[in-house]
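Let's take a friendly walk through a protein model together. Have a look at the picture first, and then we will go through it step by step.

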Amino acid sequence: MRLSLIVAVDENSGIGIDGNQPAFISEDLKRFKKLTTGNAIVMGRKTFEALPKGALPNRRNIVITRQKDFSPPGCEVIHSGDELHEVCSPEESVFVIGGGEVYKLFFSDAIRIYLTLIHYKFPRIDTWFPPIKEDEWVVERSEGPYNDEKSGFSYSYINYVRR
Ligand SMILES: NC(=O)c1ccc[n+]([C@@H]2O[C@H](COP(=O)([O-])OP(=O)(O)OC[C@H]3O[C@@H](n4cnc5c(N)ncnc54)[C@H](OP(=O)(O)O)[C@@H]3O)[C@@H](O)[C@H]2O)c1
């Protein structure tokens with residue numbers, strides 16, 4: 001499989017506060033939908049439970065949990081990182097969509113990172129994205145900054161590929 005991570009981070013690599021994302025930017029959500037639709041998404045049980053309407057449509061939803069009896073509608077469930085390699089085909093595009101534990105789990109397998117950088121340092125962050133080291137990753141494309149009028153945040157898109 002071709003494994004990518006897709007994430008929105010703040011300037012301190014913060015990704016979560018109290019089980020929620022620090023901010024939602026509507027253009028970023030549209031981009032997320034465009035990139036992931038038709039492909040597989042993988043998420044931790046906690047990120048899945050925070051989705052307002054459950055499984056996301058028109059994508060293969062894969063949830064990772066240690067609970068043997070967890071089987072939410074519209075989702076496939078795996079119980080280890082290794083199992084992802086078993087259920088996905090070599091040519092499949094797979095996007096890890098969070099959260100903190102699951103980005104960490106799949107970080108070393110990923111070949112791409114689709115990062116949305118929110119130019120702000122949120123207080124009370126409790127979940128972070130792993131460090132993106134310059135000797136391991138190269139910026140393939142960078143766009144922005146753009147301004148989100150609704151939230152007032154400015155943000156940029158940065159795509160990394162593994163060296
Ligand atoms: N900014 C962003 O782009 C973004 C994206 C997604 C999420 N987030 C944020 O990230 C936070 C959630 O992250 P989190 O780290 O708390 O939780 P998470 O990664 O979403 O889910 C953690 C859960 O995944 C399962 N899991 C993790 N490693 C596993 C393994 N090796 N084998 C089997 N199951 C495993 C466990 O489920 P069980 O407990 O059921 O066993 C664990 O409790 C929230 O604040 C959310 O809003 C941010």
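How many Å separate an oxygen atom of the ligand from a polar backbone atom of Gly99? In this predicted model, the distance is 3.0 Å.

Now step back and look at the surroundings. The ligand takes up the space of the largest pocket. Around the ligand there are 26 residues, and Ala8, Arg45, Thr47, Thr65 and Gln67 are the closest. Sorted by class, this shell holds 13 polar, nine nonpolar and four charged residues. Several elements supply at least two residues each: strand S1 (2-9), strand S2 (14-16), helix H2 (45-49) and helix H4 (100-106). The biggest share comes from H4, which gives five residues.

Next, follow the chain from S1 towards S2. In the loop between these two strands you will find Asp10. Is Asp10 buried or exposed? Asp10 is buried, because its relative accessible area is 2%, and the cut-off for buried is under 20%.

Gly99 sits in the loop between strand S6 (93-96) and H4. The bond joining Gly98 and Gly99 is cis, with omega about 0 degrees. Another cis peptide bond runs from Gly144 to Pro145, with omega near 5 degrees. Pro145 belongs to strand S9 (residues 137-147).

Finally, look at two residues with positive phi angles. Asp18 is not a glycine, but its phi is positive, at about 50 degrees. You can find Asp18 in the loop between S2 and helix H1 (26-36). Arg124, also a residue other than glycine, has a positive phi near 65 degrees, and its place is in the loop between strand S7 (112-118) and strand S8 (127-128). Are these two residues buried or exposed? Asp18 counts as exposed because its relative accessible area is 61%, and Arg124 counts as exposed because its value is 63%; the cut-off for exposed is over 50%.

Technical notes: Residues numbered from 1 in each chain as written. Predicted model: local features only at pLDDT ≥ 70, side-chain atom pairs only at ≥ 80, totals over all residues. Heavy atoms only, no water. Near = heavy atom within 4 Å. Polar contact = N/O pair within 3.5 Å; in protein donor to acceptor, adjacent residues only side chain to side chain. 1 Å grid on protein atoms, 1.4 Å probe; cavity = no way out; pocket = protein on both sides within 12 Å on 5 of 7 lines; lining within 4 Å. Sits in = over half its atoms within 2 Å of the grid points. Helix = DSSP H or I, 4+ residues; strand = E, 2+ residues; numbered from the N terminus. Nonpolar A, V, L, I, M, F, W, Y, C, P; charged D, E, K, R; others polar. Buried < 20%, exposed > 50% of the residue type's maximum accessible area, 1.4 Å probe, protein only.
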